[in-house]
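The sequence and structure come first.

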Amino acid sequence: MLARSLFAMVAALAFLAAPHVLAEFHLFQICLIAGTALVVLGLVVVTGFAGQISLAQAAFVALGGYGSAILATRWGFPLWAGIPVVAVAVSVVGFLLGQMTLRVSGHYLALVTMAVTAIVQIALIYSDSITGGAAGMPVPTFEIFGYALSTGGQLYYVIVPVTAALFLAVHNLNRSHYGRALAAIRQSETAAELMGLNVLRYKAAAFGASGFLGAIGGGLLAPLSTYLDPAQFGITHSVYFLAVAVVGGMASPLGALVGSTIFVFLPDFLQGFQSYLGLVFALLLLGFIVLRPNGLASFNLPRALSSALARTGDGR
Amino acid sequence: MLAQLLVSSITAGAVYALVALGFVLIYKGTGVVHFGYGDQVTFGAYLVLIAQALFGLPFWPAVVVALAASVLLGALIYGGLMWPLRRASLLAQIIASLAVGTVLREFVRAYMGPSAWPFPFLLSPAPVAVFGVFVVPANLAIVGVSLGVLALLFLLFERTFYGRAIMAACDNRIGASLIGIQVSMVFLAIWILSSVLATVAGVLVAPLLTLSPDMGLIGIKGFTAAVLGGFNSLPGAVIGGILLGVLEALAGAYVSSALKDMISYGILIAVVLVRPQGLLGVLAMKKV
């Protein structure tokens, strides 16, 4: 208990101190990590917890970003209110998509969610009058309590707390009755059903949650990038989010954070090799799925150390 | 007008059919759905360009080198990825095949640049009038090759001992190995065969579409064609491909170009939800 409250205090202090210590660019990167982590957290819930593959995450992100931006530009609905409203609507879309898992699983689920992403992208491109078509649309400024937040350093005060709160919520949900039900479904749907779980409703709810998190992430990332381009919401981006989740690890919410941190900082490390960036991302995905399918967050440092010690002990 | 539309849409359909045949071959032969197959098709076409650039070869020898390289690629995908993952979860296998496609696409983007390349036609692209309808020899070649590949694969699977061995290996690995079929060799052969088929398809299709790293998105149309025909039916793949090409062309001509782009995804979702066994497929019962 003491350790936990101590951790919370350190985290709060770090949150308040960061804007005074770090440069504007680093705050922007932190916002980018937090927003991406929210999107990937949605995948962790639906794929990692419930075991249902989803390539619809880019569509949820697009709906969240475009939906809140359109509400703001056309009806003057401020982003701080529009993002949660749109996210609730997108979670309903996700829930309905999840209803399809009654009939569809495995390969076919991957195909159907892929098709959903493609349809959303094409719809955005062809609805010129509302979305700006293939050219995209600018995102209005995020205004709250009379403050206009436009830079990474300003949006930091919104994005980071929202991300922290949602991560905490998912962490707690995963340890509740709900999380255990999803784990049971992941391991055996038949067994879960025999235990009296309404499997379909749980799977659909997991899709709804992934839609909600993806839309919140998309809504928050949009004012950060200030521009929405439909080319950024295709199937390849769904695969990108999946890659982030796989590299970070899909067994716990922490994996979403670890993966996003790696994928946001990687371009910095590869400065001379920008054209190889996509290839490095792809090779990371390939390497992790073969060698360490549970991802980086599955490293349990104390346990790894103690087992290593035990092994040296045996070798005497 | 309608006749001309149908003739040109059959070409597009044959392209989808060729890609769909590759999917069905891998799925029928090894039980894996290869999500990176579209990118493998693109990669096959790029292999020809790379062979030309690296060794200064003329076009045809470069095609031969590309076919040889794709044998290696198929063996590499099976030996390096699908064999180690043979007992992994379905989820891991799906992600691995997505990763293969992404690696191939990003390799091409990094090595050959993101912009489009010109690719020569194998036959004349000049249209010839037949009964008042313009027919393009290069397009006829695509239709011919996809029908030829279908015939070859069909004979292989249905009429030869080796084909029966492949089906047995896919159906029941333990049973097949008990009667003396070396399952890993069968799977290796399937991956090599499908990799060669991808390069053949790439070489035929590249001059028609724009050869850029993102040409692999054709893969989804191939999926739709395969799903429409029934994922484990070879003739179904061809019928599904041509049907998809015709439906797309009709939607584009009579409704709108937005619908033309969207219809294949709509068909994909509708077929999976309403008739998952497709037109010619056999429904597999899920065992508990």
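In which helix is the place of Ala69(A)? Ala69(A) sits in helix α3 (residues 57–75) of chain A; helices are DSSP runs of H or I with at least four residues, strands are runs of E with at least two, and both are numbered from the N terminus.

This is a predicted model, in which local features need pLDDT of at least 70 and side-chain atom pairs count only at pLDDT 80 or more, while totals for chains, interfaces and linings use all residues. Residues are numbered from 1 along each chain as its sequence is written, and chains are lettered from A and ligands numbered from 1 in the order in which they are written.

The model has an ipTM of 0.84 and a pTM of 0.87. For chain B the average pLDDT (the predictor's confidence in each residue, from 0 to 100) is 83, and 95% of the residues score at least 70.

A residue is buried if 20 or more other C-beta atoms lie within 10 Å of its own, exposed if 12 or fewer, and partly exposed in between, with C-beta atoms placed from the backbone.

| Residue | C-beta neighbours within 10 Å | Class |
|---|---|---|
| Ala69(A) | 26 | buried |

Beyond its neighbours within four places in sequence, Ala69(A) is in contact (C-beta atoms, placed from the backbone, within 7 Å) with Met137(A), Val139(A), Pro140(A), Ala222(A) and Leu228(A). The C-alpha atoms of Ala69(A) and Leu79(A) are 7.1 Å apart, and the two residues are ten apart in sequence.

Thr226(A) belongs to the loop between α10 (199–225) and β4 (227–228) of chain A. The phi of Thr226(A) is near 65°, a positive value in a residue other than glycine.

**Interface of chains A and B**

Contacts join 32 residues of chain A to 33 residues of chain B. On the chain A side, α5 (106–126), α11 (235–248) and α13 (277–291) each supply at least two residues. The most come from α5(A), with twelve residues.

**Helix packing in chain B**

Helices α2 (residues 37–55) and α3 (residues 59–82) of chain B pack at an angle of about 125°, their axes 8 Å apart. Axes are lines fitted to C-alpha atoms, for helices over the stretch in contact, and angles run from 0 to 180 degrees between N-to-C directions. Residues of α2(B) in this contact include Gly44(B) and Leu47(B), and those of α3(B) include Ala62(B) and Val63(B).

Key
Contact = placed C-beta atoms within 7 Å.
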